[in-house]
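Dear colleague,

Please find the structure below, handed over for your records. My notes on its interface and its salt bridges follow.

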Amino acid sequence: MPAPLFYLLAFITLGFGLLVVLARNPVASALSLVMCFSGLAALFVTLDAYLIGTIQVLVYAGAVMVLFLFIIMLLDIKEEEKKGQRLTAVVGGMILAAVLTLQLTSMAGSFPLAKTKLDDKPLDISAASTAAKDKNHPLHSMQMIRKDLDAGKLPDTALMGQTLFDQYPLHLQMMGLLLLVGTVGVVVLSRRDTAKEESKGA
Amino acid sequence: MNYELTAKVLLLLPLFSALTILLLHKLLREASVYVSLGSAIICLICSVRLLLSPPSGDSMEGMLLPFLNLPGLKADFGYILDKQAIGMMFIVTFIGFLVHLYSTAYMKEDDARPRFFGALSLFMFSMTGIVLSSHFVMMFVFWELVGLSSYLLIGHWFKKPEAADAANKAFMTNRIGDFGFMIGILCVWALSFVGTISDKPTTTHALAAPEQLLATKMANSPTAVTTEGADYTGDIRFSTLATTYPKSSSSSIPGWLLTLAALGIFMGAVGKSAQVPLHVWLPDAMEGPTPVSALIHAATMVAAGVYMLVRAQVVIAASPLAMDVIAWTGGITALLAALMAVQQNDIKRILAYSTLSQLGYMVMSVGLHAGEAGMFHLYTHAFFKALLFLGAGAVIYACHHEQDIWKMGGLKDKTPMTFVTFAIGTLALMGMPFMSGFFSKEEILLAAKHECWGLLTIGVITAFLTSFYMTRCVVVTFFGKARGEGANHAHEAPMVMLVPLMLLAAFSILSGYGPVAEKLKALKPHGPHGDGAGLVMGLSIGVFVLGALAGLKLYWGKDKDPLNIPLFANRFYIDQIYAMIVKIFQDRLAWIVTAMDTIFADGLAARLPTAVACRVGRTARSLQSGQLQGYGFVFGAGLILAIYLMTR
Amino acid sequence: MITLNHYLVVAAMLFAIGLAGVVARRNILTIYMCLEMMLSAANLTLVAFSRFHLHDGLPDYHAQALVFFTITVAAAEVAVGLAIIVALYRARQSVDVTTVTKLQG
């Protein structure tokens with residue numbers, strides 16, 4: 001991957017991320033976040049995580065942000081007034097961000113693989129194809145995946161599906177339950193107390 | 001005859017009765033009266049049997065219940081059955097039984113009868129405990145128990161503020177005496193070590209003070225204390241006092257310690273037997289029901305002080321100074337109380353002061369080396385004073401709870417039986433010749449004549465006053481015309497109340513004579529007092545006649561008191577003086593306590609921690625701002641700290 | 001050339017920006033967006049590590065599965081959180097967190 005592309009994507013991500021924080025208008029913040037997430041999705045793609053990148057765009061930049069915008073519009077939220085902005089909060093936030101960045105940055109270099117270049121460590125699909133020939137390999141029986149691998153292509157979505165359904169079926173179902181609970185919770189939270197309203201009206 | 005069983009029955013049956021009534025009074029209701037009465041009858045039978053067939057050798061001792069067994073102090077609950085104990089036991093159970101019987105009628109209209117009889121049983125238990133006590137610690141335990149039951153009975157009508165106050169007063173005044181008693185017991189205990197050690201000349205002369213003796217003895221080896229001297233080392237038993245207690249001060253025993261021990265023991269008696277200056281509780285105790293006054297505050301409990309002094313005669317005799325103090329305290333009490341009695345109008349209070357006066361006699365005789373005379377007077381006095389109190393109760397009952405003698409009058413026709421018995425009791429108390437009081441009083445006066453002329457004078461004056469105020473009491477109450485509503489409609493008491501009166505009247509006469517007196521006499525006669533008996537007899541008959549004549553002359557046919565001596569009527573203002581002293585001390589104490597309170601409790605203990613807690617709380621509160629951003633900041637800072645700590 | 005370090009630094013900066021936003025901003029919706037940003041930053045590190053830890057020449061899909069779960073939970077969380085914000089707005093007619101100080105001690 002060419003380095004300028006990475007820097008461009010990183011700049012988009014961070015720059016719009018900064019805009020999210022700086023923009024006074026919540027709509028601008030939301031739109032900046034969309035751009036930020038899109039840049040992030042692109043970064044995922046540069047890391048050969050195509051499915052995750054897609055989901056990031058679909059779920060985050062798409063659904064979630066639409067939800068945000070919807071709520072902003074629904075509540076008709078105006079720009080934040082300037083006068084209330086407290087200096088201490090701003091300074092505190094900046095200091096925290098600076099210290100945390102420094103700390104994490106200095107720490108990031110200490111990982112074993114930190115200095116490994118991305119281009120020096122390409123995906124080795126033929127190796128995977130060879131490994132899958134072993135009877136005990138989890139991919140051995142996955143005919144579609146093996147066909148793709150044999151053809152030298154990365155079956156990213158299929159591999160992701162295989163991992164989720166083969167190795168984390170229970171977790172997946174729990175996720176489903178969680179979403180159900182979340183849905184019910186949202187309904188309960190946003191439901192107006194009709195009885196109360198009526199008594200008030202009467 | 002099984003003496004141990006008898007002793008156990010005498011001690012535990014009243015306790016059983018008291019506990020039964022306490023626990024089951026809801027269930028028993030009226031029956032609790034008969035539970036108590038039954039236990040009193042059985043106790044009386046036991047003590048009569050003891051009186052008729054005393055243990056051989058006149059004394060026996062035994063163990064009832066293990067209690068304390070420490071190195072240097074072995075104090076198991078035991079019993080001692082000698083002439084003194086058996087005589088006293090007879091008095092206690094006999095009068096106790098009569099009072100029980102009398103109370104069934106007297107307390108008929110009281111709703112709290114189970115409580116009354118329960119407390120009465122508790123008193124019987126405590127009193128038999130005192131009588132049977134074989135050593136000081138056991139006696140002290142029961143000493144406190146009689147105090148408790150006396151408190152309960154004085155305060156029986158606790159809804160009356162006077163009764164509640166009187167109960168408190170009695171209890172607190174006794175506390176003072178009991179404190180001294182405790183000191184006395186401790187001193188006796190310490191000195192008894194000296195007594196046992198002084199047999200061994202090697203250790204005696206090396207050491208000067210008994211404290212040191214005690215200390216070295218304890219320090220040498222604790223086992224030595226228990227093994228040496230067979231069973232008792234620190235001996236507090238009455239039966240061995242005579243041999244182990246130091247006879248008089250010597251080089252190894254300072255005189256002040258002997259005096260302290262004697263006066264401490266005496267202080268217990270001062271409290272319980274209401275001697276000056278702790279006499280103030282007894283007249284107030286008359287707020288209790290009259291049968292209680294008869295049993296506890298005339299015949300038995302107040303006499304326990306004298307009983308105890310006679311038991312501990314060895315201890316007090318060791319200090320001549322203490323003996324003088326005791327004799328004079330008794331004499332002064334006798335005189336003062338008699339003077340106060342002259343001006344009282346409440347029939348029970350007259351008798352109460354008379355009791356004080358007679359107790360003074362007994363104590364005086366103990367101080368005059370004539371304990372047996374004191375005990376004899378105790379016995380005779382118990383009979384006629386109980387008779388007088390129960391008679392007064394019958395009079396009060398007859399006059400519909402009127403106690404002022406000036407509102408009575410002319411009762412001799414309306415209540416003839418009560419009059420006759422009351423008159424017998426009065427004559428016995430006045431010391432009419434050939435009545436029991438005459439003999440016992442004469443013995444005391446005889447002892448006084450031999451020891452000290454001053455006390456003889458006091459005794460004679462007191463006898464005159466006794467004769468005078470009792471004549472006044474009888475004349476005003478029973479003769480003349482009815483002066484009050486109650487007296488107009490007076491009616492004779494029921495038979496249940498009259499029977500005890502008659503029995504007591506019989507004993508008031510008989511107990512001075514031959515076999516009865518011989519059975520009751522506690523100790524062997526002190527030896528002939530030599531001549532002077534004639535003089536004393538003449539004197540006592542003289543003052544009896546003089547007092548009676550003076551009383552008749554002054555009070556015959558009078559409707560109100562011709563004498564008015566505020567000093568006597570107000571009891572020498574002793575109560576007021578006490579109140580003042582207490583007030584002064586209380587104010588000072590309150591001031592100090594307030595200061596302490598402000599500085600320590602309020603300041604150091606309350607304000608300072610409060611201030612610290614407030615400061616800390618306020619500081620901590622400001623952290624809890626409720627601001628989401630604040631929490632976010634702290635969260636971030638915590639994250640940084642955590643990463644720092646992990647990568648350090 | 002681009003190393004793992006580059007990605008981690010980007011993720012760290014994104015996270016820090018998000019934290020700064022949470023602390024500094026008062027609009028609860030913005031704060032919420034910043035929270036999502038921090039979550040995504042964490043996802044970036046996960047994906048980056050998964051890419052650099054090759055298994056038989058393939059990325060570590062376990063890490064990516066975790067990212068998948070994270071995104072799902074985040075989506076549910078956003079839904080519930082926004083519902084709470086709506087309820088809050090109904091009660092207070094404001095989305096300014098400085099006015100929400102019920103927890104003040």
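How many residues of chain C are in contact with chain B? This is a predicted model, in which local features need pLDDT of at least 70 and side-chain atom pairs count only at pLDDT 80 or more, while totals for chains, interfaces and linings use all residues. Residues are numbered from 1 along each chain as its sequence is written, chains are lettered from A and ligands numbered from 1 in the order in which they are written, and side-chain values use heavy atoms, with hydrogens and water left out.

In answer, 15 residues of chain C are in contact with 13 residues of chain B, where contact means heavy atoms within 4.5 Å. Together the two chains bury about 1,100 Å², 65% of it on carbon and sulfur atoms; buried area is the accessible area (1.4 Å probe) that two parts lose on being put together, summed over both. On the side of chain C that touches chain B, helix α1 (residues 4–24) of chain C gives the most, with five residues. Helices here are DSSP runs (H or I, at least four residues), numbered from the N terminus. That side of chain C divides into nine nonpolar, four polar and two charged residues; nonpolar covers Ala, Val, Leu, Ile, Met, Phe, Trp, Tyr, Cys and Pro, charged covers Asp, Glu, Lys and Arg, and the others, Gly among them, are polar. Across this interface the rule finds zero salt bridges, a salt bridge being a side-chain nitrogen of Lys or Arg within 4 Å of a carboxyl oxygen of Asp or Glu.

Over all chains, the structure holds 13 salt bridges. One of them joins Glu30(B) and Arg113(B) (2.6 Å, N to O). Glu30(B) lies in the loop between α1 (3–28) and α2 (31–52) of chain B and Arg113(B) in helix α4 (residues 113–132), so the pair ties together parts 83 residues apart in sequence. Glu30(B) is partly exposed, at 41% relative accessible area, whereas Arg113(B) is buried at 13%; buried means under 20%, exposed over 50% and partly exposed in between (1.4 Å probe, protein chains only).

Arg175(B) and Glu144(B) also meet in a salt bridge (2.2 Å, N to O). This pair links helix α6 (residues 161–197) with helix α5 (residues 136–154) of chain B, the two residues being 31 apart. Arg175(B) is partly exposed, at 31%.

Finally, Lys169(B), Asp284(B), Arg349(B) and Asp575(B) are linked in a network of salt bridges.
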